[in-house]
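Open the model in your viewer and keep the selection tool at hand. Each stop below says what to select and what is there.

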Amino acid sequence: MAYLSLNPLWLSHFTATSSIGRGLDQTLAALRQRRPGLVPCAFDTVDLATFIGEVAGVDAVQLPAHLADFDCRNNRLALLGLTQDGFAEAVRVAIAKYSAQRIGVFLGTSTSGILQTELAYRRRDPVTGALPADFIYRTTHNTFSVADFTRHYFGLTGPAVVVSSACSSSAKVFGSARRMMAAGLIDAAVVGGVDSLCLTTLYGFNSLGLISEHACRPFDAQRDGISIGEAAAFALLERTPEHLDADAVLLLGIGESSDAYHMSSPHPDGLGACMAMQDALKMAGLKSPEIGYIHLHGTATQSNDATEAKAVQTVFGSSTPCSSTKGATGHTLGAAGGVGAVICALGLRHGLLPAGLNTRQLDPTLDLDYLLDNREQPVTRMLSNSFGFGGTNCSLVFARAD
Amino acid sequence: MHTLTAYIEGIGLLGPGLTDWLTSQAVLSGQQPYQPHKTVLPSPALLPAAERRRSCAIVKLTLATGLEAIAAAGLDAASLPSVFSASGGDGENCHIICEMLASDDRQISPTRFHNSVHNVAAGYWSIATGAMTTSSVLSAFDASFGAGLLEALTQVVVDDTRTVLLACDTAYPEPLYSARPIPDAFGIALVLAPQRSAQALAQISVSLTDASADQLDDAALESLRIAIPAARGLPLLRGIALRQDKHVVLDYLDSTRLAVAIAPC
């Protein structure tokens, strides 16, 4: 049996928490007011001249006592995100409807709780080199910890996994959830992504010369690198019911590909990115002119934006409105796909094509309809791109139910 | 109860005392004694010289096991989607980064950084094989083998495609080892197909169960199964090596395991 096209999946609930806001209302208001969340980096002991998108109040989040072993910045951010917009209540309603075994957990992260290990390495025993006794690897640093925390928080017992393919992680979770639902193993899925600030990514991207000293400027002629952010974004995926509100948001298509080119540079012609966008359109049963807005990956490095522009031109031409929201949120890495999905869902629901921020002069060599001002207008279908290290690409197509 | 069915067309295996699938079958089926020795990772000949120099243990391990499985199936690696499942990233690389970040010199190298991503093996794999297909890169701590097998089976069943599963883990050095005691490199690769073909070795039908996971009779193999997450797939390989109809239960999450009905082809 081959499901060549996707039976649309319903994003029955969704939420995002990033440096531009806690939950949907604040996120929408920040997008409408073009309010960026990037500030000069004062995170931990980091001595880099850069801007970051830090979520306020993460340190103050307290995990439930029975989940204390999971305590780390990433899982605190996860909990902060899960408790916005009634999302946790919606999951509990879904458990009552489908049962705890029939709901899967598919979350994306790149660095999970590695900050906990970075901090533990500062407290090694001076004689033996041992890590401190209070360091718990499994429930903090390990890549799976955010999905494990989420399933324990809700008491879910169905399939659970973390997708960790760098900056495409939380777009690709939609693909894994789709397959698991179509295979009949689950009836609903908690999908999304959580990534939090840590030294590995700040110093790592710095080593590659990819960190901007400014708030990042996607698609600007003078763009000079990324600003790292953190975020938690979630959606509850269910099969599409017969009757839906007009502004309900559906996932229509997913395209996934690999560049097979280089670990930290995109394919120069954007070949893998083209394949991902084309496959997402094909699964959605749509032609490129039927997409009203493209949420670009748009990291603001020279090569990423140039490559993505080429790929978008190949698939869409130059007239589809598009922008990157990383000038607002920063690049939230493993959470970026989830944040992109929620921004598209908000845009579809409220008729908002969000402008890219910080961009002063569009790169004239990148011939796209890149939005420097918000457009408030009805829009029915959007595509969101997420690309990552290792040449991993994922495009998602979302639409209003009407 | 939903059952996912696929055909195994090729197997790759590399771990302590297990040098490949061909010679390991007699060990797994109990005809020859299991003699553990440290895993030897071959140099990844398929990679361009620059990438070969930069490649870390998990890259060598996935290339060795994945290419063994695909060669056995007589397929072109470039044509296959893939599922990479590992408990964590490269342990040695992670240790060196954390050590540097705790020191006065935090300038980690670009190679260290790109080798730190969980999808480093998938990235090198696509560069080595030229595969532009989709790749799912997963972690589920000790449940990583089961999570990878489920993801691969849903690709096979839902998208009606062959796929290659690469379940691999590498050793953690001290002081991380005390917190995550993975002692050595171990990997299993499986080529899975939706239809029976001439090269099919076995049909597997997998469903979720709350039964307990099977243990291995040989004490040393059982300690390997427990010590390295990817080795939780060994009861499946043992079942295939025995070449008879067999039911096994593989470890997965604390709440759920995988029941596998194996029928030789």
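Start with helix α7 (residues 169-182) of chain A and α7 of chain B: their axes come within 9 Å and cross at roughly 65 degrees. Helices are DSSP runs of H or I, at least four residues, and strands are runs of E, at least two, numbered from the N terminus. Axes are lines fitted to C-alpha atoms, for helices over the stretch in contact, with angles from 0 to 180 degrees between N-to-C directions. So α7(A) is roughly perpendicular to α7(B) (65 to 115 degrees).

This is a predicted model: local features need pLDDT of at least 70, side-chain atom pairs count only at pLDDT 80 or more, and totals for chains, interfaces and linings use all residues. Residues are numbered from 1 along each chain as its sequence is written, chains are lettered from A and ligands numbered from 1 in the order written, and side-chain values use heavy atoms, without hydrogens or water.

Next, select A:Arg178 and A:Met180, among the α7(A) residues that meet α7(B). On the α7(B) side, pick residues including B:Glu151 and B:Thr154. Contact means heavy atoms within 4.5 Å.

Now select B:Ile204. Leaving aside neighbours within four places in sequence, its contacts include B:Leu4, B:Leu149 and B:Ile262.

Move to the sheet in chain A. Three strands form an open, mixed sheet in the order β3-β4-β8. Its edge strands are β3 (39-40) and β8 (228-229), each pairing on one side only. Strands pair if DSSP finds at least two bridges between them. β3(A) and β4 (residues 51-53) run antiparallel, joined by two bridges. Finish on A:Pro40, whose bridge partner in β4(A) is A:Phe51.

Note on methods
Parallel < 35°, antiparallel > 145°, perpendicular 65-115°, else oblique.
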